[in-house]
Amino acid sequence: MFENIEFLNKELFWLLLLIPIAIVWYVFTHNKQTAELRISSIKGFKSTSSIWSTFRHLLFVLRLLALGLLITAIARPRTVDVSTRTKTTRGIDIVMAIDVSASMLAKDLRPNRLEALKQVASDFIDGRPNDRIGLVEYAGEAYTKTPITSDKSIVQRSLRDIKYNTIIEGGTAIGMGLATSVNRLKDSRAKSKVIILLTDGVNNSGFIDPKIASELAVEYGIKVYTIGLGTNGMALSPIAINPNGTFRYGRQQVEIDEDLLEEIAEVTGGKYFRATNNKKLAEIYNEINKLEKTEIEEKKYYNYEEKYRPLVLLAGLLLLLELLLRNTIFRSFV
């Protein structure tokens, strides 16, 4: 009931100090003004006179209550109803370029690099409710899996469907993946455009040079965050396909062209990260999430309702009651 009440003039509560002062003054003046009469016996006086004489102090109590109510009223009590409206003022368009080459099935991340990435990327998408996101797959060539969209259910469904397949030409065409991502964003009207490019290898195929693709990103005002995925040293990686279609695994040296990824990030105003395990990969996406904040405009509306009127009315009624009692019941005792 009183949770949303605030007082506009709290400093006026100091006036409540008048109440104890008034009490002291009342007691002092009452004792001083009371005349003494010495008699041998009071049996001739009615006991009711003594009772009414005691109750006459009620008049002073009514005055004090009225004073307290008036002081509270001029302190301006009011209730506050706060409503908030939010509006996205700066949206971000993001394209996630995902390497789907056979090496992404390496098991240095659990259960493998591709599945670990999909899990982390899914959490990242959920954390960007106000942005549009698209997906690009690339290996030896690249294509758009999902154009940029604000429908996160479509993006999540497309992300779950990403897997290694033999339809896409083998290899790692970083330039192709980056150029395709730029193509998805070049006509975007968003104030901020971002590509998150992930690979676990070196650029060894495709007909677009990664440096040319990064220059295109700069031309269209696109920032690129690059992620090198894979542990340091040796990793259990697919080395051949068995007759039944499964992979035969062996330990291979992890090779990532970090110099190229660092250059792409630096030229476009982004940042390069190295993910050597599941935890590090999650931390990288969390950091990108913090770096690319969507600006939200929040407006608060305050609805005030004054509550001093009932207090003034009650104080007036108490003073009226005091005046009525003073001139009727207690007329002979004041």
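Which residue just after H8 takes a positive phi? Gly 269 does, with a phi of about 85 degrees. Before we follow H8 itself, a word on the ground rules. This is a predicted model, in which local features need pLDDT of at least 70 and side-chain atom pairs count only at pLDDT 80 or more, while totals for chains, interfaces and linings use all residues. Residues are numbered from 1 along each chain as its sequence is written, and side-chain values use heavy atoms, with hydrogens and water left out.

Let us start with the whole chain. It has 10 helices and 11 strands, where helices (H or I, at least four residues) and strands (E, at least two) are DSSP runs numbered from the N terminus. Of the 334 residues, 39% are buried; buried means under 20% relative accessible area, exposed over 50%, and partly exposed in between, using a 1.4 Å probe and protein chains only. Among contacts (heavy atoms within 4.5 Å) with a separation of 6 or more, 80% join residues 24 or more positions apart.

Now to the annotated spans. An unreviewed UniProt entry carries the annotation "transmembrane region" for residues 12-28, 55-75 and 308-325; positions are given in the numbering used here, feature names are shortened, and annotations may be inferred rather than shown by experiment. In the model, residues 12-28 are 65% helix and 0% strand, with end C-alpha atoms 26 Å apart. Residues 55-75 are 90% helix and 0% strand, and there the end C-alpha atoms lie 31 Å apart.

Next comes a helix pair. Helix H3 (residues 57-74) packs against helix H10 (residues 308-326) at an angle of about 160 degrees, with the axes 8 Å apart; the axes are lines fitted to C-alpha atoms, for helices over the stretch in contact, and angles run from 0 to 180 degrees between N-to-C directions. That makes H3 roughly antiparallel to H10, a label for angles over 145 degrees, whereas under 35 counts as roughly parallel, 65 to 115 as roughly perpendicular and the rest as oblique. The contact includes Leu 62, Leu 69 and Ala 73 of H3 and Leu 311, Leu 318 and Leu 325 of H10. Arg 76 has a positive phi of about 60 degrees although it is not a glycine, and at 27% relative accessibility it counts as partly exposed.

Further along, the loop between E3 and H4 holds Pro 111, and the peptide bond from Arg 110 to Pro 111 is cis, with omega near -5 degrees. In strand E4 (residues 132-138) you will find Glu 137, which counts as buried at 2% relative accessibility. Its contacts, leaving aside residues up to four places away in sequence, include Ile 98, Val 100, Tyr 143, Lys 145 and Ile 162.

Helix H5 (residues 152-161) has Lys 152, Val 155, Gln 156, Ser 158 and Leu 159 as its buried residues. They cover an arc of only 165 degrees around the axis, so they sit on the same side of H5; the arc is that of the directions from the helix axis to the C-beta atoms. Their cover includes strand E3 (92-99), helix H4 (113-126), E4 and strand E5 (142-149).

That brings us back to H8 (residues 258-268), where Leu 260, Leu 261, Ile 264, Ala 265 and Thr 268 are buried. Here the arc is only 130 degrees, which puts them on the same side of H8. Asp 259 and Glu 266, on the other side, are exposed. Among the elements covering the buried residues of H8 are helix H6 (174-185) and strand E6 (192-199).
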